[in-house]
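Trainee: Could you walk me through this model?
Mentor: Gladly; let us look at it together.

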Amino acid sequence: MLRGLTIFFLTLKLAAGADPATHGDAVPDKSWNQTRTFSDGGTVTDEPFGIYGHQPVRLYTLTNTNGVSVSIMDYGAEIVRILAPDRNGKLGDIALGYDHFLPYIASSHYFGATIGRYANRIAKGRFTLGKTVYQLPLNDGPNSLHGGTRGFDKRRWETEPVDSDTPAVRFTRMSPDGEEGYPGNLYVSVTYSLNNANELRIAYTATTDQPTVINLTNHTYFNLGGADTILDDVVTIHADSYTPVDATQIPTGEIKPVEGTPFDFRAGQTIGARLKEAGGKPVGYDHNFVLSKGWFSNWAEAAEVIDPKSGRTLTVSTDQPGLQFYTGNFLDGTGPTGRGGQVFRQYDAFTLETQHYPDSPNHDNFPSTVLLPGDTFTSATVYAFGVEK
Ligand code: GLA
């Protein structure tokens with residue numbers, strides 16, 4: 001109830017544009033209000049999608065020469081829609097979202113959003129850097145989730161044109177020192193591009209002027225069948241181990257083999273096959289997989305999903321060490337109605353969030369998420385949309 005009221009008032013406040021602290025309210029470059037064609041034949045179209053902070057929200061649609069398109073708005077640098085072909089070449093919408101802008105402000109599901117500064121959970125919202133203990137807002141029981149009460153998903157980003165052969169758009173933000181409790185002025189960018197191989201690339205950079213922690217991801221909910229159940233989708237995850245969690249979804253610190261558990265997706269299994277055995281409250285997959293990497297490169301295929309009915313496939317490749325596989329367990333049929341009148345229910349979609357492990361700042365045995373002044377954080381993930389042969 002309290003959570004509902006808080007979201008309601010936050011929505012009113014945000015919609016009214018009371019947003020003096022954000023650096024993202026600059027008027028978007030008017031020259032973008034058109035379709036630009038790139039040298040590979042793809043296009044980016046810019047259109048208004050709503051009003052936020054007295055300024056239009058811009059929606060950028062990247063379209064390649066196959067007609068595949070990805071629409072992203074400058075609020076939350078968030079994917080709103082993905083149109084990809086099924087085995088008969090018919091385009092369908094495979095990303096959960098809303099028809100209009102306003103429900104995105106109220107939504108607590110992070111549909112399509114860029115998540116920062118720290119994707120996933122930090123135990124008790126607390127971590128130490130040097131001699132300083134930092135306290136973050138607690139917005140997920142006793143923990144801090146997805147950057148806090150108002151993370152990157154609830155901020156307007158600035159837009160920059162990109163010098164690229166393929167359709168692309170770049171969003172940037174200056175996240176001020178102390179925002180949501182995190183230290184350092186953080187300058188962050190996320191660039192989306194779509195090539196004619198139907199590959200959506202999401203690339204991030206960040207720099208800071210004080211030691212800080214960072215973990216960025218994208219939170220698109222995929223349903224490859226459009227609105228079908230995901231339980232029959234066949235998922236392969238290239239991970240020999242995962243990070244078990246406690247009752248509040250904080251890693252115990254253990255790196256546990258998936259062998260003999262419901263988390264063994266190495267040979268491919270349907271989402272529904274062992275979902276109940278995965279446990280959790282609510283029941284379902286919501287776990288970080290430790291990705292297997294090659295000897296010479298961090299870049300590797302992380303996962304593949306096949307929707308047998310539509311024939312659509314999704315392949316995820318990344319340089320990140322972890323992958324959160326989440327089956328929409330918290331979607332409970334409440335909240336604003338989605339595109340095409342869809343009511344969002346449990347297991348209506350899955351996310352494959354490439355990331356560092358949850359709560360890394362509090363686990364010395366996990367890859368480090370510390371970013372120091374003078375260093376540049378970079379990371380990239382490719383979502384490739386295909387069809388079963
Ligand atoms: C992530 C988390 C989930 C949930 C969703 C958003 O995937 O791991 O527990 O919080 O985001 O609802």
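**A hairpin and a ligand site**

Mentor: Strand β9, residues 126–129, shows a covered face with F127 and L129 and an uncovered one with R126 and T128; strands here are DSSP E runs of at least two residues, numbered from the N terminus. This is a predicted model, where local features need pLDDT of at least 70, side-chain atom pairs count only at pLDDT 80 or more, and totals for chains, interfaces and linings use all residues. Residues are numbered from 1 along each chain as its sequence is written, and side-chain values use heavy atoms, with hydrogens and water left out.

Trainee: Why two faces?
Mentor: Because side chains in a regular strand alternate between the two faces of the sheet.

Trainee: Which strand is joined to β9, and how do they run?
Mentor: Strand β10, residues 132–135, runs antiparallel to β9 and is joined to it by 4 bridges, where pairing requires at least two DSSP bridges. T128 stands opposite V133 of β10, and in the hairpin, with 2 residues between the strands, G130 takes a positive phi near 60 degrees.

Trainee: Switching to the ligand, which residues are around it?
Mentor: Among them are Y110, H146, Y221, Q249 and F330, each having a heavy atom within 4 Å of the ligand.

Technical notes:
Buried means under 20% relative accessible area, exposed over 50%, partly exposed in between (1.4 Å probe, protein chains only).
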